[in-house]
Structure formats: structure tokens, C-alpha cells
Amino acid sequence: MGVLTPADIVSRRHVDGLRLQPGTLPDTSTSVLRRALLATDLLAAAVASTAVFLIDPPSGTGLGVHPLVRISLLVLCTMLLLRQQGLYRSRTCAVRAAQNAHLGRVAVIIVAARAILAPGVDSGAQDLVLSVLIYLGALVLGRTVFDGWLRRQRTLGRFLRPVLVVGSGAEAQSLYRVTKDHPESGVRIIGITGDRPPGEESADAEHGPPWLGPLVMSHTVARALRPSAVIITATAVPWEQLNRLVRDLRRSGQRVLLSPGVQGVGPQRLSPSPLAYEPLLAIGEEQSLRRFQLVVKRILDLIVTSIVLVLALPLMAATALAIMISDGRPVLFRQQRVGRGGRPFMIFKFRTMVRDAESRAAELRAHNIRKGPLFKMANDPRVLRIGSFLRATSIDELPQLFNVLRGDMSLIGPRPALPAETLQFDQDLQHRLDVRPGLSGLWQIEGRDSPSHEVMQRLDVFYVENWSIGLDLAILVGTAGAVFGRAGRYLARRESEQDEEALW
């Protein structure tokens, strides 16, 4: 869309192809979403509370309270804890790893409170751990289903919050790309205001939101469009105009967000540090992997991997047999990848492609849907029929548990890249090599389906610079939810394809 004049904006005629009248900006039915999320959590809490009650019922020394009353109280307490943890606020739920961390706290608190306060409950350590896992699993699964539904709705243009960006330039365009790469954020940038050199007003017309006018028109544009929020890019607004603009926007009832112009800094590293009543933000140091933290991370890898491996051995044996029956040997796929410090190692996966897949990679390079050095192809002809299922459910990754035991990989970290791919990494992306590659990572649960190379780079570098045991645990929990979500979408797609075949 081309450049809009201030007259177009003030008269509310159109933005991004939409004819605007008061109250007709894109769907912001937050009440609908809130009710849907409340219903999802209520169902998850009811299922978890009932399961915990049946697995670990009170002894006969209780007060004779009816089981339905006990379960209802557990459900009520769970819902109150979800609210207390901020899990109905967009800033808490915007990042799935942070959301999962808060859900984990809810699970631990509700189980601990039940064990301490509920009459007649005398749980052992094993029962307590199982109860926490039940609550956590039910809540994460419920949120995963809700997130999958909401993500689909937002890719169709629903439930998007219209946002105006004040301040043109690279930072504004970066914000726009982030919202395009992450539709699940629910933000749609409807336009940018700011002073730009003559001739550049339409430079981004095809690749970005419309330019809505100069900086002095920002307040007028915001009053006309009434967006859900105004984001001011501090790097593009002159200091002497910034305070006045913020005051004017706030006095007119606008929600104002300030982009400080720094990237890759986790919110836990930011803290207010006022100077003579003037607001400053202190940025904490990067979460470097100290020796003690590395030891804790390695112990966590060994414990969790050993448990999962024992539980997964029957599934792995069945998978190997299915591959042999469908396409013969070899069952495993081996490939050299780059690990921590640039050291190469051999990765193991269940084979999901035809035997000559690597030799055919060059001829398919033109069909790469990813931008950047990584390769991914929609409907790759090299993938076996059973391979599609193994990939959708991540069963093909299970042999990498042996890579974790050997120390080549960690459970959580950036995915190990091919040697040829690392040669194309820029200076920022080279930081991926500072840590062990992972079986899963932040990119896998937040941006795996995005074709943008920038998404992978931003999330991987963020993980390296903001690492913590808590973030690892949150990603670990989120991985289970993401796997269930992908498996559900795969099964739904297969069912839809079968229905189409039946019609024909």
C-alpha cells in the first residue's frame, strides 16, 4: 500500500486495505479470548484435580467432606493461583517458556498446599511428584491446545491488536518484522509515523506497514485510529519531543509502550535505576555458563535423559522395526554436525528419508522455504510415508538421547548445525557455538514453523545470552506441549486429506 496522507488518516478512511469507522479496527475481542482461556484452564484444572484425588485419596481421618467438594476447592484454588501468577496477562503469556515456568509454580504450590492443609491427606514423596506432573501436564496441554487454536485464528487475521509505531527507521522496521514472524503475539502494526527524508516515504510500501505521516501528526493519528497501544521507538524520536509526545498520548487515553532500542536482553536482566527521579534502566550482565551452572545442567541432562530413554526404549524398538518393514536398512541416519566450540560430532536420528536423500539435496535447494543457510522444503519428496509421522511427533529425534549421554549434546540448546551452515553464520550467530547444541531449544518451541532465518537467529542468540536453569526447565516443559501440538495438527491434516480422497 502506498503512502497515506494525514487527511486519509483523520477521516478514518483506510489503513492497510481496511475501511475504518470508529470501533472497526481489527478484531480485538479480548473478552472472547479470556473466556475461552478460562474455560480451557477450568477443564484442565478439573481433570488434574480429579486425577490427583483418585490417585492419592484422603485417608479415613479426614473431616468427611464430600469428594466433589474437595475437588471443587482444588479447582478453585488452581484458578486463583493462575490469576495470581499473572497467567491471564499478555505480558506473562507472550513467551511460552515464561508461561510454562509460571504453570510449573502453580502445580508445585497447589500440590504442596493440598499436602499441608487438606485434612486426611498423607502423601509420600512419590505421590507428590506424580501429582505435580499431573497438574503441570494438564495445564500445559490445555494451554498448548488453546495456543494452537489462537495461532491458527491469528494467521487468519482474527484477534489481532492494532498497534501504531511512532518513529521511522530500522528499529520500527525490525518491530514490524518481529510481529510478522510471530503472529501468535497478537500484534498487528497498522502504520508508522515519523520524520523521514524526502523520497523514502514509500520505500517500504511493499515490505512494511504504511507511513501515516510525520512525527508531529502522531498524536492526531493515534486519536483518529484509536489503536490498542502506541509503541514509541526511542532511537528515532528526538529527545526534546519524546516527553511531550508521551504526555499527549497518555492524556488522550492511549496505552504507550517505549522500545528502548536494545535487542536480545531478557526481561529478568532489566531493572529500574532512577537518577534524580529520572527513569533509567539497568541492564544486567549476560547469563554466562559458570562451571557450577554447567555441572547442574549436565546432571539434569543425565537424570532426565536416563529416565526418558528407559521409558522410550519400547517405542524406539517399534520405530526401528517399522522403518525396516517400510524401507529396509539402515534404520538410523548418521550425519556430522558442529558442537560446542566448533567441534564436529556424529548425530543419530531415525531415518525418515530415502537412502539417497543427501545426494539429491542440491537439486532441491531451489525449493527451500527458509531464508538463510538452513534448509527446509514443504512436501519434500525424499521423506518416507512413515517419516512424515516420525517427524511430526519428533520420534525421529529419540536416538539423540545417546548423543546427550555421550556429552555431544544437551537436552536444551540451539539445534546442531551442519558444517556448511556454520560457515554462513554471521558474527552474532556464531555465539550458538558457545554452548552445547540441544535436542530441543527456544527456537523449536517458539519459531520452528517460521521460514524466517531472522527468527532462528534472534531466539538462539537470546537463549545463549540469557541462559538459566529455569529457562531450560521451561523449555523442557514447553517441548512436550509443542510435540503434542504438532502431532495433533499432523493427525488433523491426515484426516482432512483422507476425507478429500473419500469425496473423490
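Helix α6 is followed by Gly 157, whose phi is positive, near 95°. The model is a predicted one. The helix itself covers residues 125–155, and at 1.5 Å a residue its 31 residues should span 45 Å; the C-alpha atoms at its ends are 44 Å apart, so the two figures agree.

Aromatic residues come next. Two aromatic pairs turn up in a search of the whole structure. One is formed by Phe 146 and Trp 149, with 5.8 Å from centre to centre and 45° between the planes, a tilted arrangement. These residues are three apart in helix α6, which means that about one helical turn separates them. An α-helix has 3.6 residues a turn, so residues three or four places apart point the same way. Phe 146 counts as buried because its relative accessibility is 8%, under the 20% limit. Trp 149, at 35%, counts as partly exposed.

Trp 149 also pairs with Phe 159: their ring centres are 5.7 Å apart and their planes lie at 50°, so this pair too is tilted. It links distant parts of the chain, with Trp 149 in helix α6 and Phe 159 ten residues away, in the loop between α6 and β3. Phe 159 has 3% relative accessibility and therefore counts as buried. Through these ring pairs, Phe 146, Trp 149 and Phe 159 form a cluster.

Five strands make up an open sheet in the order β5-β4-β3-β6-β7, with parallel pairing. From one strand to the next the twist averages 35°. Within the sheet, β3 (residues 161–166) and β4 (residues 187–193) pair in the parallel sense over six bridges, and Arg 161 has Val 187 in β4 as its bridge partner. Helix α9 (residues 239–251) lies across β3, β6 (229–233) and β7, and runs at about 175° to β6.

What remains is the nonpolar packing. The largest nonpolar core has 37 residues, of which Phe 350, Leu 398, Tyr 463 and Ile 475 touch the most other members. Among the elements that give two or more residues to this core are α10 (291–327), β11 (344–350) and α17 (469–503). Helix α16 gives the most, with six residues. Leaving aside residues up to four places away in sequence, Ile 475 touches Ala 97, Ile 412, Ser 440, Gly 441, Leu 442, Ile 445 and Tyr 463. Another core lies apart from the largest one; it has 24 residues, including Val 52, Phe 53, Leu 82 and Val 132.

Note on methods:
Residues are numbered from 1 along each chain as its sequence is written. This is a predicted model: local features need pLDDT of at least 70, side-chain atom pairs count only at pLDDT 80 or more; totals for chains, interfaces and linings use all residues. Side-chain values use heavy atoms; hydrogens and water are left out. A nonpolar core is a set of buried Ala, Val, Leu, Ile, Met, Phe, Trp, Tyr and Cys residues joined through side-chain atoms within 4.5 Å. Buried means under 20% relative accessible area, exposed over 50%, partly exposed in between (1.4 Å probe, protein chains only). Helices (H or I, at least four residues) and strands (E, at least two) are DSSP runs, numbered from the N terminus. Contact means heavy atoms within 4.5 Å. Two strands pair if DSSP finds at least two bridges between them. Axes are lines fitted to C-alpha atoms, for helices over the stretch in contact, and angles run from 0 to 180 degrees between N-to-C directions. The expected span of a helix is 1.5 Å times one less than its number of residues. Rings of Phe, Tyr and Trp (its six-membered ring) pair if their centres lie within 6.5 Å; planes under 30 degrees apart count as stacked, over 60 as edge-to-face and the rest as tilted.
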